[in-house]
Amino acid sequence: METEKENEIRDEGGSLRERARESMTRRKKQVRTRIVLLNAAIAMLVIMCVFVVKLVSLNKPEQTKEKKTVEKTAEANSDQEAEKPTQEPSATPAADIRTGTDKWLRKDLDASKPMVALTFDDGPYTPVTKKILSTAKKYDARVTFFVVGNRISNYSDVLKKAYDQGCQIASHTHEHKILTKLTKKQIKAQINRANAAIKKVIGCKATALRPPGGGVNDTVRKYVGLPMICWDVDTEDWKSRNAGKVLKRCKNISDGDIVLMHDLYPSSAEAVKKLIPRLVKKGFQLVTVDELFYYKGIKLQKGKVYFSAK
Ligand SMILES: [Zn+2]
């Protein structure tokens, strides 16, 4: 009996040990499975992180690329601005007009008929400029205004009116400075500031310059960046302030002449009122400076001085 009992106990002990071993193996297996699952989860997480980072980094250069393209286009546009004239002027000039050339260059004039360019310096000055414009409009005459940049903000309306009427807006520097007395930097500033003031009102820059006092030297020629238009008929209107005397000095105007006046004196506007119909009657076409040189087949060059188109 005792031996049987002992045997039973031994057997029980054996099966207990076996069960314990089995449960141990099961637990080990479970732990291993958990480790594998955890590793898999970590791996998935890493892969997802890499994927997200890649997505972000892929997006970034595209944005920069886009930005660069926009910048490049803007640069290209500003280059075009300097070089390309536009086709048609619009009601809001600032948008697309690069230079006024097309605005103040009529292509339907008769090249065989005599032409003269009346030019007015030192303005704009509404009381006189508007009178000149009114006479010009009546006879479909186009004249050229060499304006002083720092006067523009005070008389911008009349400047815009002149432009809209097809008259040429040209530069007479920003502060009416004698350019021969200036440094390269100062010359450039006079040109650029006047151009900025002109562009603000009419949407395009001047294509010609009249150097104040006709003062030109090598430095001016080199840095002015515009053709310089002087004159061959001086009315001396500033001196006489007398319409009759101005008209007298215009007696011998001939084809290709450039006439100097100033839209500062009422006497000059008075003279113009008689001068334009007289010239029209004589068969002259009253043209802008750009038109005069265009029809005479002379290509204006930057830094060169012109006195007439003969
Ligand atoms: Zn002047």
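The legends below accompany several close-up views of one predicted model. Residues are numbered from 1 along each chain as its sequence is written. Because the model is predicted, local features need pLDDT of at least 70 and side-chain atom pairs count only at pLDDT 80 or more, whereas totals for chains, interfaces and linings use all residues.

**View 1. Strand β1 and its burial.** Helices (H or I, at least four residues) and strands (E, at least two) are DSSP runs numbered from the N terminus. A residue is called buried if 20 or more other C-beta atoms lie within 10 Å of its own, exposed if 12 or fewer, and partly exposed in between, with C-beta atoms placed from the backbone. Seven of the seven residues of β1 (residues 115–121) are buried, so this strand is largely enclosed by the rest of the structure. In a regular strand the side chains alternate between the two faces of the sheet. In β1, Met115, Ala117, Thr119 and Asp121 point one way, while Val116, Leu118 and Phe120 point the other way.

**View 2. The strands that pair with β1.** Two strands are taken to pair if DSSP finds at least two bridges between them. Strand β6 (residues 257–262) runs parallel to β1 and is joined to it by six bridges, with Leu260 of β6 standing opposite Thr119. Strand β7 (residues 285–286) also pairs with β1 in the parallel sense, over two bridges, and there Gln285 is the bridge partner of Met115. Three bridges link β1 in the parallel sense to strand β2 (residues 144–147), where Phe145 is the bridge partner of Phe120. The chain passes from β1 through helix α2 (residues 126–138) to β2 in a right-handed β-α-β crossover, a term meaning that, with the strands pointing away from the viewer, the path from the first strand over the helix to the second runs clockwise.

**View 3. The loop between β1 and α2.** Asp122 is placed in this loop and has a positive phi of about 75°, although it is not a glycine. Asp122 is buried, with 21 other C-beta atoms within 10 Å. Gly123 and Pro124 are joined by a cis peptide bond with omega of about 0°, and Pro124 lies in the loop between β1 and α2.

**View 4. Helix α2 and its buried side.** The end C-alpha atoms of α2 are 18 Å apart, which agrees with the 18 Å that its 13 residues should span at 1.5 Å a residue, the expected span being 1.5 Å times one less than the number of residues. The buried residues of α2 are Val128, Thr129, Ile132, Leu133 and Ala136. They cover an arc of only 135° around the axis, which puts them on the same side of α2; the arc is that of the directions from the helix axis to the C-beta atoms. These buried residues pack against β1, α3 (156–164) and α8 (266–281). Just after α2, Asp140 takes a positive phi of about 50°.

**View 5. Leu159 in the largest nonpolar core.** A nonpolar core is a set of buried Ala, Val, Leu, Ile, Met, Phe, Trp, Tyr and Cys residues joined through C-beta atoms within 7 Å. The largest one has 70 residues, and those with the most contacts inside it include Val116 and Leu159. Helix α4 (residues 184–202) gives the most to this core, with seven residues. Leaving aside neighbours within four places in sequence, Leu159 is in contact (C-beta atoms, placed from the backbone, within 7 Å) with Pro124, Val147, Ile152, Ile169, Val201 and Ile202.

Definitions and conventions
Contact = placed C-beta atoms within 7 Å.
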